[in-house]
Amino acid sequence: MKEYVLNETPVRTTNNYEINNIKVELENIEFKEFNELKILTNKANDLDKAKVSDTKIIEGEFTSKISLPSNKYYSTNIDIPAYSKEDIEVQILFDNDNKTYIGELVINVAENAETKIKVRCNSKDNLANTENKDNIDALLNLKVITNLEKNAIATIIVENNISKDAKSFISIENNLQENAKLYTTTLDLLGKNKISNIYTKLIGDNSEQTIRNIYLGNNEDIIDLNFDVETIGKKSKVTIDSKGAITDKAKKNFKGTIDFKKDSVKAIGKEQEDCILLSKQAKSRSLPILLCHEEDVFGEHGVSSGKIDNKKLFYLMTRGLDEKEAKKTIIRASFNEIINSVEDEELQNKINQAVDEIIK
Amino acid sequence: MKIDVNQNDVNKTELDRANVNKTNVNKFKDETVENIYNLKNEDKYSYKTIGLTEDIIREISEKKQEPEWMLNIRLKALEMYEKLPMPNWGPDLSELDMSKIATYVRPQSKLNSKTWDDVPDEIKSTFDALGIPEAEKEALAGVGAQYDSEIVYHSIKEDLVKQGVIYTDFDQAVKLYPDLVKQYFMKCIPMTDHKFAALHYAVWSGGSFVYVPKGVNLSIPIQSYFRLNAPGAGQFEHTLIIVEEGATLHFIEGCSAPKYNEINLHAGCVELFVKDNASLRYSTIENWSKNMMNLNSKRVIVGKNGKIEWVTGSFGSKISMLYPMSILQGDGSTCEYTGISFAGRGQNLDTGMKIVQLGKNTSSIVDAKSISKDGGICTFRSNVHVKPTAINSKLTVSCESLMLDSESRSDTIPNDIIETDDIEYSHEATIGKISDQAIFYLMSRGISEKDAKAMIVRGFANPISKALPLEYAVEMNNLINLELEGSIG
């Protein structure tokens, strides 16, 4: 076993709170063959096709903001041509023969293109939603790089829903040019370690990043979320909305940084994180950082943590719901805005099922 | 089409933060503002030590004629200081060279005088200019005045003495009340806490000791004022306050120093004990000179149904690392923190607060504001830890930051650890510039743009000045006015 120090925050705080990074013990990580990466496109129009490269194995250092290293990794490119509109689904499916995936997905969205990309990290059983699911001891070390050219629009949804014992390390890096808009939704639903990082540079004027995140934790899950968005262009905009619920002895770290760089005049940054604590031993840590080197901006953040309001519970139970159903309803309600934004019935059901799972 | 992502960006933000201050110190002329705080007396002393060695510590202890137990603590603290690392977060402290700091400066004055007539004219006139004797006459129940490393004047109203209130300088307390001091000294802030706590315990000198017996309510504040005159010197005062069961106290702390071209250091220590059902308001107006490194430690332990109120205005120092900490140990204990930091040219003020909620039904309210201008850096750090035993607790943290130009920086780095589900907790922060609409509104009422901005800034600071006695609110507003001069319009 080796201890890795991962997912560093952009600025440090006092060491005794153990939030500057996360220490994870892992067995020796080795690159292994993975044969269940599928990319599905809707090539409706022959002229405007997404170009999906063959997946290559790269011999070299795999680096990401999470800093879990490897000296070999898979690499796949997806190019969305200018003025096209493409929906793509990337499936990374784990089973007993495919337990380790280390790789990068590079998504280039050309000028004025629009794309919706779902990255579904599941076990085969989970994707198929079968009754008896294998609890695969999976390892996912994924990097998604998204480059948006001028006026491009992209919606990226990452579903992290492999298995109870899975360890996932998902790093998303984004670069947005003028007027580009990126809507990133991450669903951290299942897994023993759910370590994720989103790093975005709003380079162009009027570029915009919206990050929506749902996280759930039970047993002794560790959730470590590190979102860092830099406003560089004028009138750039960032919104971060993270909602979660943890129970049993689960631990959650939320680190959200909005960094207003100098000359990002009239940039706007808003950040909100809300955590529902469902047990006495669940532990919530939050570090919502606002860094500002530009006068003419507006930034705000808010954080809340606590148990479900007893009054709300009582109200629903007087309407005939038992306590568990009432809790599920309240949690789903708090996630509602993000669930609705997903616009995919299957994924919405998955989120609701995951909520059911943690309210036993 | 692919854009390269700089893989070394992890520490870029830290570099940005370090470079802003260096750039702006070079860019702006180093002005020395002529005001009462910048009055310099000749560097006269009866005894002085420079640097930090075991011999120096033994000398200081011998000069003070301390008991052996205190010397042993100093020596242990020196060992600890040498072992502990510098902090690897926050402002850059590499400019600090302890071998050049005057760790002890004894002024040419009778110590612990009971009348201002016994204080040398030069020193007295400094305190006069700062308004201390005046405040003593009009508004205070007791005053302690420290000049460099020693208390030169101490007074307390007679009727308080009759009620059993003790207010004396800390050196005297060690000799006169050793059992009481031993019971509490270093029990709130251990020397192992961090490197500058260890340094403090090695070279502490001066400071105040306050003991308020059970049930005694002091309706008028007590003040200690710390003035550091010597260039290149350190001030390491120790303040220990015990408010017994059911008692109340308002303690005011003020500090200032004239500006020199060499580094001065402040590594004081404030230990506060608020017992069951007692209440303490601790107000600070800090106006150290802009060559000062202010690495002070403050902490309180609050008992059952006890209350601590912090009111803090930080205006001075070149570099400040200051995070008053409240441990709400007793059930029903509460904390209120109201603070403002104002970072101007060449300043890096890294301030905030820490709260640990241990007892049941505890509650905390934090209202913090910061203003930065002319390249100043303001960083607000709140560190809040709600333990599993803090059932049915409440906690609200609010932080607002105002930037007056784009040369400055304003960062908010709050850290919240929640270990119980039975809590109502919320945190919010905003950052931005003075509202254009507010300026327009005031200008449409005939006020100039410059005055409008100044009014808005003073309004922004209003919650803090409201929490202070009138004389100190006026002083705080004067400090704000001084800071705003030349920066707006």
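Which residues touch the most other members of the largest nonpolar core?

1. Basis. This is a predicted model, in which local features need pLDDT of at least 70, side-chain atom pairs count only at pLDDT 80 or more, and totals for chains, interfaces and linings use all residues. Residues are numbered from 1 along each chain as its sequence is written, chains are lettered from A and ligands numbered from 1 in the order written, and side-chain values use heavy atoms, with hydrogens and water left out.

2. Cores. A:Ile92 and B:Leu249 touch the most other members of the largest nonpolar core, which has 116 residues. A second, separate core holds 59 residues, including B:Met70, B:Leu96, B:Cys188 and B:Phe196. A nonpolar core is a set of buried Ala, Val, Leu, Ile, Met, Phe, Trp, Tyr and Cys residues joined through side-chain atoms within 4.5 Å. Buried means under 20% relative accessible area, exposed over 50%, and partly exposed in between (1.4 Å probe, protein chains only).

3. A:Ile92. Its contacts (heavy atoms within 4.5 Å), leaving aside neighbours within four places in sequence, include A:Phe34, A:Leu37, A:Tyr101, A:Val119, A:Leu140 and A:Leu142. A:Glu36, A:Arg120, A:Cys121 and A:Asn122 are also in contact with A:Ile92.

4. A:Glu273. This residue sits in strand β19 (residues 268-277) of chain A. Helices (H or I, at least four residues) and strands (E, at least two) are DSSP runs, numbered from the N terminus. A:Glu273 counts as buried because its relative accessibility is 0%. Its side chain makes a polar contact with that of A:Tyr215, at 2.7 Å. A polar contact is a pair of N or O atoms within 3.5 Å; within protein, one must be able to donate a hydrogen and the other to accept it, and residues adjacent in sequence count only if both atoms are side-chain atoms. Not counting residues up to four places away in sequence, A:Glu273 also touches A:Ser242, A:Lys252, A:Phe254 and A:Ser286, among others. A:Ile358 is 85 residues away from A:Glu273 in sequence and 19 Å away, C-alpha to C-alpha.

5. A:Asp241. A:Asp241 is buried, because its relative accessibility is 13%. A 2.7 Å polar contact links its side chain to the side chain of A:Lys243. Beyond four places in sequence, A:Asp241 is in contact with A:Ile211, A:Arg212, A:Asn213, A:Gln272 and A:Ile338.

6. Helix α2 of chain A. At the start of this helix (residues 310-318), a side-chain oxygen of A:Asp309 comes to within 2.9 Å of the backbone nitrogen of A:Lys311. A:Gly320 follows the helix, with a positive phi near 105 degrees.

7. B:Glu66. Its place is the loop between α2 (54-64) and α3 (68-83) of chain B. B:Glu66 is buried, because its relative accessible area is 14%. Its side chain and that of B:Arg74 are joined by a polar contact of 2.6 Å. B:Glu66 also touches B:Ser61, B:Leu71, B:Asp171 and B:Trp204, with residues up to four places away in sequence not counted.

8. Helix α5 of chain B. Residues 132-139 form this helix, and its buried residues are B:Ile132, B:Pro133, B:Ala135, B:Glu136 and B:Ala139. They pack against α4 (121-129), β3 (142-147), β4 (150-156), β7 (222-227) and α13 (470-484) of chain B.

9. Positive phi. Most residues other than glycine have a negative phi. B:Asp374 is not a glycine, yet its phi is positive, about 55 degrees. B:Asp374 lies in the loop between β21 (363-372) and β22 (377-386) of chain B, and is buried at 10% relative accessibility. B:Asn392 also has a positive phi, near 55 degrees. B:Asn392 is in the loop between β22 and β23 (393-403) of chain B, and is partly exposed at 40% relative accessible area.

10. Cavities. On a 1 Å grid over the protein atoms alone, a cavity is a set of points where a 1.4 Å probe fits but cannot get out; lining residues have an atom within 4 Å of a point. Grid points are joined across faces, edges and corners, and a volume is the space filled by probe spheres set on the points. Five cavities of 30 Å³ or more are counted. β10 (248-256) and β13 (279-287) of chain B each supply at least two of the lining residues.

Terms used: On a 1 Å grid over the protein atoms alone, a cavity is a set of points where a 1.4 Å probe fits but cannot get out, and a pocket is an open set with protein on both sides within 12 Å along at least five of seven lines; lining residues have an atom within 4 Å of a point.
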